[in-house]
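Please keep the sequence and the structure at hand while reading.

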Amino acid sequence: MHLPDATYRLQFRNGMDFAKAVELIPHFVGLGVSHLYASPLFTAVRGSTHGYDIVCYDEIDPSLGGYDGFVRLVHALKAEGLGLVLDIVPNHMAAHLENDWWHSVIEWGRVSEFADHFDIDWGAPLTLPFLGRSFEDEVAAGNLRLAYDHERRCLALDYYGALYPLNPPTYAAIPRSGNAVLERIAAIAGTAERKTAAQFHAEIAAVVATPSLAAELDQYLARLSADKQQLGRLHRMQSWQLMNWREARDKLSYRRFFEIAGLVGMRVEDDAVFADTHRLTLALVREGLVDGLRIDHIDGLADPKGYLDRLREETGDGTYIIVEKILGENETLPAGWPVEGTTGYEFISALADLLSDDTPSSWLSSEQRRSAAEAAVTGCKLQVLGRNFNTEVRRLTGLVARFTGNGAPDRDEQTGEAIRRLIAALPVYRTYVGDQGAGAGDGRILDEIAAKAAARAPAAGDETATIISAFKAPIDSLGGKLPAEFRTRFQQLSGAVMAKAVEDTFFYRRGDYLAANEVGASPFWSPGGVGRFHAMMQDRASQMPYGLSATSTHDTKRGEDARARLYVISEASDVWTAAMERWHGMNAASIFQLPDGDELEDSVEQFLYQSLLGAWPIEPLVDEGDLISLRERMIAFTVKALREAKLRTSWEDPNERYEAAIKVFLGDLLDWGNRSFLGDFANTAGPFIQAGLINSLTQTLVKLTAPGIPDIYQGSERADLSLVDPDNRRGFSPHASLPQLLRSPMIADFENCKQALISIGLTYRRGRGRDCLAEATYLPVPIEGPGARHAAAFIRRNKDKLALTVVPRLVFGRLEGNRLSVDPELWQNTFLVWPEGCELKPMRNLLTGGVVEPRALLDVAGIFRDFPAALLVDA
């Protein structure tokens, strides 16, 4: 297997296509990456901004350049020695009429050849929750009508141009009143089940062969549409049911991606479905066009290990495979998964330990904070289970009633409560219980959540015990498929609940320390400092040395350099708290303009000021246009954050008055004329920004040299101060890397320094340092002296080669003027202790070129003399 040395994540769409990616190849080469890591490239819904809403697995999206453009890109990459890792999406497709498979299922119902491709409960009509109001209201308003779909060549219900195909057997129910064209179409439909879909549509097209006949049919159907009762009767005859999108949480008949009704779950556990959804992917791998695969949302699959075993068998041992998997506290990848690792969210969590203040008295370490987080997360889980995922809970409840034979209403209510409490107590995204029953690890988790659920909902104790018993037992001992189906759907649901309740609810409510509110982070995290960081890296070196090391992704809540400066708040919380109190007073007039005389919540105000700190430009604002751009970004971000928080507004029920008031508040806050606030904020932010830039260099060098494969998200080789998507999908402009790092750089040099650091580190990693960094042990290096807590160091060693990484931490208030350097007095009489068993020999600082003479104690201040981070390698 040709493992990547480093990847560059490129988001296609939003102006990026294959031709433009080819133009970026010299930039990739200059950075030193080995592989382009591409977002999904298969054909997606027209106008998609991300590509995860796939409509065709068998086609490279023509809007990006199609198959030919893709091949040209790959050949251009290979000509420069670069490979390609492709993001694939096995869990879901777009529930969209542009999706031929989905269209077929709507048109033909259970007899469609694709009916079993999607995860649909066929015990009820297929629900299509895409109406703005109820079906009856939309019909009364004239927004639904009968129509002929000229492209698909079938009859349909037209809703604002979306043409939902009628089941052919129901054509006969449409009044024809002697209309010859419709009579002939109805006759064709009468024998439709004996035809292929293609033949059926071709015969209809032959009937409507001329513009005049087509116009005649259109006019006749338009007249029929005036009969509202007839439309209702025809709708009720279909194998599908159009409904208001708000009803989806109670009545949806298919599994979604999270709570997104426009993305329908796939049954890739079925061999035929796997083959159909992976045909082109496997061809690209076998043709040598794709070197690695990134599996999106592995926890959404019915059988993750079974899927990965099949994928590995099909792709061979030479394909690099990583999974998007969020690991909980002390959780490791399940044993036996044939993958190289994860996409790297857990690496971000390790950096939070390294860069946050971990003194015992830190407010981040208080038991009260953890206890409050535990209660809040449970509340968030129960909220999304009761609203966003109510349809899934009801489906699970029905399965329990069927395999226990007890479906009394009161029992169903208690079963639903037991399910909600069990999922709310789950400490990880999901368990992986299969047909053989629960293993030791999953068994312990199930026992723990059973105890918590029974304590919190004692009235549902019997139901809880029944569910856990069915969960833990081998399928053979239970009999029938219903317990197995329950187990599968419970496990698929729990990960979605965790993601929506923690990442997309709690993390938008907690405003005290946004740096810890990141994808993959534990909501109960408290800083473990350098010691925990070293322990995590040692585990990573032994368990997952080839997983990606990410700092920014398309899913992170904020850019890596925004997060780096927010870490500083942990070491200067008193300064930050005092500043927020001043700003609260300065902006009181705007704060009190919320609806009903309410004041802006403290947590929201905290959230906004920290978000603003993260996005604030490095250089002072001198142009009103830059402030306007920042204001627009902050307003869009804030509305999304408040809706995700689901407190006073939400996506389902937007509180427009509240949102408008928040927009006014931000507009006043970030108005060019608000000089008192803007000046105070800039002055206060300055030291946080400066210390944050040092943190950025620290996390960059650590990413390049710690266990794992460095992943560079597009544009983050420069300053990445982005907010959550879609802000982090904005375009970027490549810059040439400096040939060497600047000595004693200034703040204004940060972006050049960061990019040069990446280029130098990755060039070494791909060259002389490959063995030393890619396949080496991890050895923490002790630091002694009064400044010991302000630095961290580790060695990567393989045979007779080693590389020593030394980085600063916790440097707020210890910076020198406008320079990117730390006051050397911070490290006075502070030394690195050379580990026993490592040969003392001269080492060269790869970042500055200086030579460090071998000593048992290395002076930290001397190491950082010319640049605030060091990579020492064999001289």
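## Residue classes and the model

In what follows, Ala, Val, Leu, Ile, Met, Phe, Trp, Tyr, Cys and Pro count as nonpolar, Asp, Glu, Lys and Arg count as charged, and the others, Gly among them, count as polar. The model discussed here is predicted.

## The largest cavity

A search of the whole structure finds 5 cavities of 30 Å³ or more, and the largest cavity has a volume of about 130 Å³. Its lining is made up of 16 residues, and those that lie nearest the centre are Y508, V604, A641, L642 and A645. Two or more lining residues are given by each of α20 (482-509), α25 (602-615) and α26 (624-645).

The largest share of this lining comes from α26, which supplies 5 residues. Sorted by class, the lining of the largest cavity holds 10 nonpolar, 3 polar and 3 charged residues.

## Packing of α25 against α28

Two packed helices are described by the angle between their axes and the distance between the axes. For α25 and α28 the angle is about 65 degrees, and the axes are 10 Å apart. That angle makes α25 roughly perpendicular to α28, since angles of 65 to 115 degrees count as roughly perpendicular, and the crossing of the two helices is right-handed.

On the α25 side the contact is made by Y609, L612 and L613, while α28 contributes F677, F681, A685, F688 and I689. The residues of this contact of α25 with α28 divide into 8 nonpolar, no polar and no charged.

## Packing of α28 against α29

Helix α28 (residues 675-705) also packs with helix α29 (residues 750-766), where the axes come within 10 Å and cross at roughly 15 degrees. That makes α28 roughly parallel to α29, because angles under 35 degrees count as roughly parallel, and the crossing of α28 and α29 is right-handed.

In this contact L693, S696, L697, T700, L701, L704 and T705 of α28 meet F750, K754, L757, I758, G761, L762 and R765 of α29. By class, the residues of the contact of α28 with α29 comprise 8 nonpolar, 4 polar and 2 charged.

## Backbone geometry in two loops

The peptide bond that joins D725 and P726 is cis, with an omega of about 10 degrees, and P726 is placed in the loop between β18 (709-713) and α29. R13, although it is not a glycine, has a positive phi of about 80 degrees, and R13 is found in the loop between β1 (7-10) and α1 (18-23).

Methods:
Residues are numbered from 1 along each chain as its sequence is written. This is a predicted model: local features need pLDDT of at least 70, side-chain atom pairs count only at pLDDT 80 or more; totals for chains, interfaces and linings use all residues. Side-chain values use heavy atoms; hydrogens and water are left out. Axes are lines fitted to C-alpha atoms, for helices over the stretch in contact, and angles run from 0 to 180 degrees between N-to-C directions. Helices (H or I, at least four residues) and strands (E, at least two) are DSSP runs, numbered from the N terminus. Angles under 35 degrees count as roughly parallel, over 145 as roughly antiparallel, 65 to 115 as roughly perpendicular and the rest as oblique. A crossing is left-handed if the near helix is turned anticlockwise from the far one by less than a right angle, and right-handed if clockwise. Contact means heavy atoms within 4.5 Å. On a 1 Å grid over the protein atoms alone, a cavity is a set of points where a 1.4 Å probe fits but cannot get out, and a pocket is an open set with protein on both sides within 12 Å along at least five of seven lines; lining residues have an atom within 4 Å of a point. Grid points are joined across faces, edges and corners, and a volume is the space filled by probe spheres set on the points.
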